[in-house]
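Hello,

Here is the structure I promised to pass on to you. Please open it alongside this email, and my notes follow below.

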Amino acid sequence: MIFRQLFDKASCTYTYLIADLESHEALFIDPVEGNIDDYLALLKTLNLNLVYSFETHVHADHISASGLLRQATGASTCIGLHCGAETADYQLEGDETFTLGTRVIIKTLSTPGHTPGSMSFLCNDRVFTGDALFIGGCGRTDFQNGDAGDLYDSVTQKIFSLPGETLVYPAHDYKGNFVSCVFQEKTKNPRLAGKTREEFIEIMGNLNLPMPKLLDKAVPANLYCGIEEEEAQQMANDSEFNQPENERRGVQGSINHAKNRIKQVDLITAKNMIESNNVIILDVREQNEYDLGHIENSILLPRGRVKAEVESVLTGIGKDSSILIYCASGNRSALAGNVMQELGYSNIVSLIGGYIAWKRG
Ligand SMILES: [Fe+2]
């Protein structure tokens with residue numbers, strides 16, 4: 001089995017890659033949108049075929065990459081039924097079994113409490129607990145319909161009933177921990193070890209934590225597997241997140257970085273380019289967005305598939321050709337344009353404001 005623990009610094013999220021060596025089938029658990037190019041590169045390096053992208057729950061602190069990974073690789077997205085993410089391919093109820101090849105088996109465990117749809121995933125000697133159980137802590141239960149009593153039941157009855165040596169891999173860690181085990185959490189976790197259900201509920205009711213900064217943006221986006229452009233746009237415009245790009249990764253950092261590295265043009269310039277009849281127009285939104293309206297003669301290539309497919313889609317078009325790239329608002333096109341520049345396309349411009357600006361005229 002191939003196993004990788006990846007870390008998103010901006011949201012302190014752990015993403016996991018699991019793969020079967022024989023069949024080369026792979027899955028991700030809790031991928032983060034801003035890191036999709038790293039994930040695709042890793043899959044390529046390891047010669048893996050992504051089959052599933054699992055979410056432990058609808059996250060409130062980052063946007064998921066599952067939707068983009070589905071677009072890029074054809075992987076199926078999987079999330080708890082009670083998360084309400086209806087566009088996901090598999091709506092998990094718990095006790096399902098998934099396999100990679102014939103030897104890597106993943107069992108789903110319904111572990112509600114942090115959110116009603118929270119799932120954990122058991123794979124061989126390790127359990128991926130999402131926000132149900134952290135190393136020395138647990139996810140909060142004071143929003144997204146969380147319930148401390150349910151969380152106590154999930155952890156003590158489902159996770160703590162696993163063999164003590166089962167490795168515990170959470171969705172987050174804020175203190176530099178990598179892995180724990182069931183026995184350690186059962187005996188040392190300050191919120192749970194030796195605590196009654198009532199004591200746990202009391203602890204969880206008195207945490208007084210601030211709301212996550214991305215709550216209002218990430219949750220709606222993640223209900224659509226993270227592919228809602230408007231949410232990313234709101235984040236990009238939200239001054240709270242305008243930190244220096246080298247201090248954060250994830251969606252915001254990636255978008256700012258991408259915009260700095262590509263020539264951006266306004267609507268008038270773009271229209272002049274199109275009128276000169278000398279430009280390839282590339283639409284990097286999703287098919288459903290394209291179907292609702294697009295710039296005439298534009299070629300559709302969703303952003304998540306750009307790296308893998310642009311050279312075949314633009315067969316016969318020189319890499320020094322003039323290319324105008326657009327999305328809904330100018331974020332995805334900047335990211336996709338960067339990818340194309342890395343592939344050698346040297347004359348790309350991204351439309352500021354994207355199709356929203358185009359429609360406004
Ligand atoms: Fe969470």
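In this predicted model, the largest nonpolar core takes in 66 residues. Ile18, Ala26, Leu27, Phe28 and Leu69 are the ones with the most contacts inside that core. As general background, nonpolar side chains in soluble globular proteins tend to be buried together.

Next, the strands around β4. This strand spans residues 49-54 and is mostly covered, with five of its six residues buried. Strand β3 (residues 25-29) runs parallel to β4, and five bridges join the two. Within that pairing, Ile29 is placed opposite Phe54 of β4. To get from β3 to β4 the chain passes through helix α1 (residues 36-45), in a right-handed β-α-β crossover.

What does β4 pair with in the parallel sense over three bridges? The partner is strand β5, residues 76-80. Here Ser53 has Thr77 in β5 as its bridge partner. The link from β4 to β5 goes by way of helix α2 (residues 66-73), and this β-α-β crossover is right-handed.

Finally, the domains. The domain assignment gives domain 1 as 2-205 and domain 2 as 250-360. Taken over C-alpha atoms, their centres are 34 Å apart. Where they meet, 15 residues of domain 1 are in contact with 12 residues of domain 2. On the domain 1 side, α1 and α2 are the elements that give two or more residues, and α2 provides the largest share, four residues. By class, that side of domain 1 has eight nonpolar, four polar and three charged residues.

Which helix would I look at for the largest share of the domain 1 side that touches domain 2? That would be α2, the helix that also carries the chain from β4 to β5.

Happy exploring, and best wishes

How values were computed:
Residues numbered from 1 in each chain as written. Predicted model: local features only at pLDDT ≥ 70, side-chain atom pairs only at ≥ 80, totals over all residues. Core = buried A, V, L, I, M, F, W, Y, C linked by C-beta atoms within 7 Å. Buried ≥ 20, exposed ≤ 12 C-beta atoms within 10 Å, placed from the backbone. Pairing = 2+ DSSP bridges. Right-handed = clockwise from strand over helix to strand, strands pointing away. Domains from an automatic or database assignment. Contact = placed C-beta atoms within 7 Å. Nonpolar A, V, L, I, M, F, W, Y, C, P; charged D, E, K, R; others polar.
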